[in-house]
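Biologist: I am new to this structure and would like to go through it by question and answer. May we look at the model together?

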Amino acid sequence: MYKLYYAPGLASLAPHFVLNEIGVPYELILVDRKKGAHQSADYLALNPNGRIPTLVDGDLTLFEAAAICLHLADRHPEAGLIAAPGSHERALTYQWLTFLTNTVQVDFWQYYRPEFYVPPEDEPAYRARMEAHLLRHLAVLDAALQGRNALAGEQPSIADFYLLLLGRWCRLLSKPTRSFPDLARHLDTLVERPAIQRSFAAESITAPFF
Ligand SMILES: N[C@@H](CCC(=O)N[C@@H](CS)C(=O)NCC(=O)O)C(=O)O
C-alpha cells in the first residue's frame, strides 16, 4: 500500500488529490512540522531535503510532488490522469506541470518566504515583485483555460489537480485566483469532484477552497 507523508494544505495536497482520483488504498502519514518532524532523522532518511511530500511505494521512496503525481498516473493508466506517451496531450501535460512546479511554485515560495532570499528591509519590495510574477502566471493559466475544461486534452490530468493546489495557495493575492474567470470556473468544477472533496475533508480544509 502507498504511504503519503503529508501536512495539511501543503504541496502534498496534489498527490493526495491524485491518490483519491485513482481510488487506490493508501496510508496518509502526518509530518508534524510544528514538532519539527520534517527535520527528524527518520524523515530525512526518506527525504533528505526535509520537504513535504514523500511517497513510499514498496521499496521505492520518492520526493517532489510533481514526480509523485507522474509516477502515480503512470502506475494507474486506467485512471486516465495522463495521456499516452508520445501524444500531444501528454506533452502538454508535461508543459503545464513543469510550468506549475518550476515557475509558479518557485515564485510562490519566494513570495511566501522572502526571508530565505533577501535581508529583512528588502522583503516588502521582493514580495511585491514576486506577487507581480504570480499574477502574470495566473493570467497565462486563465487564458489557456478559456473555453476549455482541462489544461491538456479534454479530461483533467495531473496538471489540473496540481493547478488546484497552486490556485488555492494564490487565493490571498491582491488579485486572487477567483478573479481570473476561466481559471475560477475550472477550479470550481474540480472542487466539486468527490475525490477532491475527500482530500480536503481528510486534511480538515474547509471552503473557500481557493
Ligand atoms: N519542490 C518540492 C517542494 C516541497 C516543499 O517546499 N514543501 C514545503 C511545504 S509546501 C515544505 O516541506 N516546507 C518545509 C519547511 O517549511 O521547512 C515539491 O514540490 O515537493
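This is a predicted model: local features need pLDDT of at least 70, side-chain atom pairs count only at pLDDT 80 or more; totals for chains, interfaces and linings use all residues.

Biologist: Where is Pro 208 found, and what is omega for the peptide bond from Ala 207 to Pro 208?

Modeller: Pro 208 is found in the segment after H8. The peptide bond from Ala 207 to Pro 208 is cis. Its omega is near 0°.

Biologist: How many residues line the largest pocket, and which are the closest to its centre?

Modeller: The largest pocket holds about 1,200 Å³ of space. Its lining is made up of 37 residues. The closest to the centre are Leu 10, Ala 11, Ile 52, Trp 109 and Trp 169.

Biologist: Which helix gives the largest share of the lining of the largest pocket?

Modeller: Helix H3 (65-75), helix H4 (88-112) and helix H6 (158-169) each supply at least two residues of this lining. The largest share amounts to 7 residues. That share comes from H4.

Biologist: By class, how many residues in the lining of the largest pocket are nonpolar?

Modeller: The lining has 7 polar residues and 8 charged residues. The nonpolar residues in the lining number 22.

Biologist: The charged end of which residue sits over the ring of Trp 109?

Modeller: Trp 109 is one of the residues closest to the centre of the largest pocket. A charged end sits over its ring, 4.5 Å from the ring centre. That charged end belongs to Arg 51.

Biologist: How far from the centre of the ring of Phe 180 is the charged end of Lys 175?

Modeller: The charged end of Lys 175 sits over the ring of Phe 180. Its distance from the ring centre is 3.9 Å.

Biologist: Which residues form one aromatic cluster with Trp 169?

Modeller: A search of the whole structure finds 10 aromatic pairs. One aromatic cluster includes Trp 169.

Biologist: How many residues apart in sequence are the parts that the pair of Phe 17 and Phe 200 ties together?

Modeller: Phe 17 and Phe 200 form an edge-to-face aromatic pair, 5.4 Å centre to centre and with 85° between the planes. Phe 17 lies in helix H1 (residues 13-22) and Phe 200 in helix H8 (residues 194-202), so the pair ties together parts whose separation in sequence is 183 residues.

Biologist: Are Phe 17 and Phe 200 buried or exposed?

Modeller: A residue counts as buried when its relative accessible area is under 20%. By that cut-off, both Phe 17 and Phe 200 are buried.

Biologist: What is phi of Glu 64?

Modeller: Most residues other than glycine have a negative phi. Glu 64 is in the loop between strand S4 (60-63) and H3, and is exposed with a relative accessible area of 52%. Its phi is positive, near 80°.

Biologist: Is Ser 204 buried or exposed?

Modeller: Ser 204 lies in the segment after H8, and its phi has a positive value near 55°. Its relative accessibility is 64%. Ser 204 therefore counts as exposed.

Biologist: How far apart in space are Leu 30 and Leu 187, C-alpha to C-alpha?

Modeller: Leu 30 is in strand S2 (residues 26-30) and counts as partly exposed at 48% relative accessibility. Leu 30 and Leu 187 are 157 residues apart in sequence. Their distance in space, C-alpha to C-alpha, is 26 Å.

Note on methods. Residues are numbered from 1 along each chain as its sequence is written. Side-chain values use heavy atoms; hydrogens and water are left out. Rings of Phe, Tyr and Trp (its six-membered ring) pair if their centres lie within 6.5 Å; planes under 30 degrees apart count as stacked, over 60 as edge-to-face and the rest as tilted. Helices (H or I, at least four residues) and strands (E, at least two) are DSSP runs, numbered from the N terminus. Buried means under 20% relative accessible area, exposed over 50%, partly exposed in between (1.4 Å probe, protein chains only). A charge sits over a ring if NZ of Lys or CZ of Arg is within 6 Å of the ring centre and within 35 degrees of the ring normal. On a 1 Å grid over the protein atoms alone, a cavity is a set of points where a 1.4 Å probe fits but cannot get out, and a pocket is an open set with protein on both sides within 12 Å along at least five of seven lines; lining residues have an atom within 4 Å of a point. Grid points are joined across faces, edges and corners, and a volume is the space filled by probe spheres set on the points. Ala, Val, Leu, Ile, Met, Phe, Trp, Tyr, Cys and Pro count as nonpolar, Asp, Glu, Lys and Arg as charged, and the others, Gly among them, as polar.
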